[in-house]
Amino acid sequence: MKKKGIPWPIRISVDNIDYLIQNLLAKAKFSVVGGKGLFSDICWNSVADCLEAYVTQWDIILKICEDNSKDIDSAIFKKVSNIGLKHAAQEYLSLLKPIAVALDILQKKNATISDAVEQWKLLQDKFEESQNLSLEKLQKFQHRYKQALTPYHFIAYMLSPEKQNYALTPEEKNLALETISELHGNSGLLPLVIKFNARCSPFK
């Protein structure tokens, strides 16, 4: 697994999971007490899944290390018993989990461009409300948001027949309408889009 650039709470948590998987005694003890779902492959949503498995079963993992301290690598034991690391992993999980859920939705075969806008707006709401996200990280998210969503995404969202849980900002609506005007200014499409978005006749 490539770990360069991965934040230290995630990197160390994954190291601990790696050890438990590879250490036959620890793995057997973990299975005996009902532990499950330990894996450390890093792809798509498995980072969040790995952290969730570690955080939610941390008490089991700690007990195994305590009960078998002579057979457990001391460096791993020290990392597992580090409560600060556990809290940091929980903090990262609270940020990664909503992204993992969004990815699950958008990887479905029937996912649409409108769904992508919906998920980005949902993430925006969650992160703006989060107590664990610094201003710097929030600004990075906003930068990614603007990179990901184009006027064409906003047009698709405006024209979606499905019920929308989020409204486009005035700036996003203007970008969509300006793009339609530039591309189809003489087709009569723009007035229809405005009426459809406002659910005016004949789109009530």
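## Helix 8: one buried face

The buried residues of helix 8 are Leu138, Phe141, Gln142 and Tyr145 (buried means under 20% relative accessible area, exposed over 50%, with a 1.4 Å probe and protein chains only). Helices here are DSSP runs of H or I, at least four residues long, numbered from the N terminus. Seen down the axis of helix 8, the buried residues fall within an arc of 100°, so they line one face. That arc is taken over the directions from the helix axis to the C-beta atoms. An α-helix has 3.6 residues a turn, so residues three or four places apart point the same way.

On the other side of helix 8, Glu136, Gln139, Lys140 and Arg144 are exposed. The cover over the buried residues includes helix 7 and helix 10. Helix 8 has 14 residues and spans 20 Å from first C-alpha to last, close to the 20 Å expected at 1.5 Å a residue (1.5 Å times one less than the number of residues).

## Basis of the model

The model is predicted: local features need pLDDT of at least 70, side-chain atom pairs count only at pLDDT 80 or more, and totals for chains, interfaces and linings use all residues. Residues are numbered from 1 along each chain as its sequence is written, and side-chain values use heavy atoms, leaving out hydrogens and water.

## Nonpolar cores

The largest nonpolar core holds 18 residues, and Phe127 and Leu168 touch the most other members. Such a core is a set of buried Ala, Val, Leu, Ile, Met, Phe, Trp, Tyr and Cys residues joined through side-chain atoms within 4.5 Å. Helix 6 (83-106), helix 7 (113-129), helix 8 (135-148), helix 9 (151-158) and helix 10 (170-184) each supply at least two residues. Helix 9 gives the most, with four.

Leaving aside neighbours within four places in sequence, Leu168 is in contact with Val117, Lys121, Phe154, Tyr157, Met158 and Lys173 (contact means heavy atoms within 4.5 Å). A second, separate core of 13 residues includes Tyr54, Trp58, Leu62 and Ala89.

## Helix 3 against helix 4

The axes of helix 3 (residues 46-56) and helix 4 (residues 58-67) come within 4 Å and cross at roughly 65°. Axes are lines fitted to C-alpha atoms over the stretch in contact, and angles run from 0 to 180 degrees between N-to-C directions. Tyr54, Val55 and Thr56 of helix 3 meet Trp58, Asp59 and Ile61 of helix 4.

## Ser160

Ser160 sits in the loop between helix 9 and helix 10. At 7% relative accessibility, Ser160 counts as buried.
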